[in-house]
Amino acid sequence: MPASPSTARAINDRLALRLMQDQGPLTAGQLKQLTGLSRPTVADLVERLTAAGLIEVVGEAGEQRRGPNARLYGIVTGRAHLAALDVRTEGVAVLVSDLVGRVLAEASVPIGGDMGTGPAVEQAVTVVERALKESGADRLHTVGIGAPGLIDPASGELRDSSGLPAWHRRLVAALQERLPEARVTVENETNLAALAEQREGAASDRDTFVLLWLGHGTGAAVVLDGALRRGASGGTGEIGFLPVPGTTGLPSATDCEGGFHSLAGSAAVVALAREHGFGPAREPVPGEPEAAGLVRAAVAQADASAGAADSASGRFLDALADRLAIGAASVVAVLDPGCVVLGGEVGQAGGEALATRVADRLRRMAPLPTQVRPSLLGGAAVLRGALLTARESAQEELFGGR
């Protein structure tokens, strides 16, 4: 049946708002061309959206740059403000943005493992409040949080985990208490990284792929047919617990030591580098896993010694690729994703040099054709993913009634 007039107006309004989100400010003429709507219909929706405080005139376009036809309409970016958090075991990073995702302020704070739960939560909440104040916004509409661990698919809450600090779970409730007007959501960090790589990074042309997270720890995110898959208990991608050859034991239900984490976690990669003659990274990046600096140095040395029959840097990268291919082959054999992205700081540091090595081994281990790509966003993917989800959530609410 044909849509009612009110439904048709809502559809047209949402279409116009999405176009402005994706392409920036547009004139009424451009909206007419992009939507295929009539001139009177476009004029009506512009009037409605302006009256609702969702769009405003932000400039003029065209050669003459005057008159109603030259007016550029854009989303009222200050209608809502958003925060994105990347919660790690050793600290918190936060950014605050406007409604279209323009970053207004950023901050971070380290949190030591010896800090009590109460002080750790207070320190994390304080850095969010500080970023909010620096942004010039008076309140937050939506807060998106990326954190390690399992997210309960029924409640959307971070589940208890013996391997993670207690302050992680307390932080979500504390933010909701201190920011009562904000909607606070939490998602697994690797899942958010995959969403960011799909929208803005290495998997922008893929609707099916697996992100292999390589940072302080390991993880995986699965995107099939454009949808993020979380599993029955929210645990899809806990690849650190995958039993693999080459470790000294087997993982347990509460400890991933002995699993893939023991081959590809940052500490394991650092130990592997030292076996091949690499010491600490010369210029470590604050907050970055030591493994990322070592991999970056190995890639640079391998490039510099290109043509040499054998080099320590090349041997280290080869040995690391051997390990990563074990985890990647397991994922490929089960899911046939067609593409594996080496994510996180280590995946980005390895670049094409590491991805090519993993791809070569994967071709020998798995019968299914699979591309291997390095991350384009690295560790920043978690914050980007948290911001993307916060923005979509806020816009869904604000634009939903149109």
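**Reading a cavity, a sheet and a pocket**

Analyst: In this predicted model, the largest cavity has a volume of about 30 Å³.

User: How does one look for such a space, and how many cavities of 30 Å³ or more does the search of the whole structure find?

Analyst: The general idea is simple. A probe the size of a water molecule is rolled over the atoms, and this shows where empty space is left. Here, the search of the whole structure finds 1 cavity of 30 Å³ or more.

User: Which residues line the largest cavity?

Analyst: Its lining consists of Val87, Ile145, Ala147, His168, Leu171, Val172 and Val186. By class, 6 are nonpolar, 1 is polar and none is charged.

User: Which element gives the most to that lining?

Analyst: Helix 5 does, with 3 residues. Strand 6 and helix 5 each supply at least two.

User: Now the sheet. How should I read strand pairing, and what is the strand order here?

Analyst: Strands of a sheet pair through backbone hydrogen bonds, either parallel or antiparallel. In this model, 5 strands form an open sheet in the order 5-4-3-6-7, and the pairing is mixed. Strand 5 (103–110) and strand 7 (183–188) each have a single partner strand, so one side of each lacks a neighbour in the sheet. On average, neighbouring strands of this sheet are turned by 15° against each other, direction ignored.

User: How do strand 3 and strand 4 run, parallel or antiparallel?

Analyst: Antiparallel. Strand 3 (residues 82–88) is joined to strand 4 (residues 91–97) by 7 bridges. For example, Leu85 has Val94 in strand 4 as its bridge partner.

User: Which strands does helix 5 lie across?

Analyst: Helix 5 (residues 167–178) lies across strand 3, strand 4, strand 6 (142–147) and strand 7. The helix runs at about 165° to strand 3. Helix 12 (residues 381–400) also packs on the sheet, touching strands 3, 4, 5, 6 and 7. Its direction makes about 145° with that of strand 3.

User: Last, the second largest pocket. How many residues line it, and which lie nearest its centre?

Analyst: The pocket holds about 540 Å³ of space. Its lining has 24 residues, and Asp86, Arg88, Ala93, Pro286 and Gly287 lie nearest the centre. Strand 3, strand 4, strand 5, helix 11 (344–365) and helix 12 are the elements that give two or more residues to this lining.

User: Which element gives the most to the lining of the second largest pocket?

Analyst: Strand 5, with 6 residues. By class, the lining of this pocket has 12 nonpolar, 5 polar and 7 charged residues.

Note on methods. Residues are numbered from 1 along each chain as its sequence is written. This is a predicted model: local features need pLDDT of at least 70, side-chain atom pairs count only at pLDDT 80 or more; totals for chains, interfaces and linings use all residues. Side-chain values use heavy atoms; hydrogens and water are left out. Two strands pair if DSSP finds at least two bridges between them. Helices (H or I, at least four residues) and strands (E, at least two) are DSSP runs, numbered from the N terminus. Axes are lines fitted to C-alpha atoms, for helices over the stretch in contact, and angles run from 0 to 180 degrees between N-to-C directions. Contact means heavy atoms within 4.5 Å. On a 1 Å grid over the protein atoms alone, a cavity is a set of points where a 1.4 Å probe fits but cannot get out, and a pocket is an open set with protein on both sides within 12 Å along at least five of seven lines; lining residues have an atom within 4 Å of a point. Grid points are joined across faces, edges and corners, and a volume is the space filled by probe spheres set on the points. Ala, Val, Leu, Ile, Met, Phe, Trp, Tyr, Cys and Pro count as nonpolar, Asp, Glu, Lys and Arg as charged, and the others, Gly among them, as polar.
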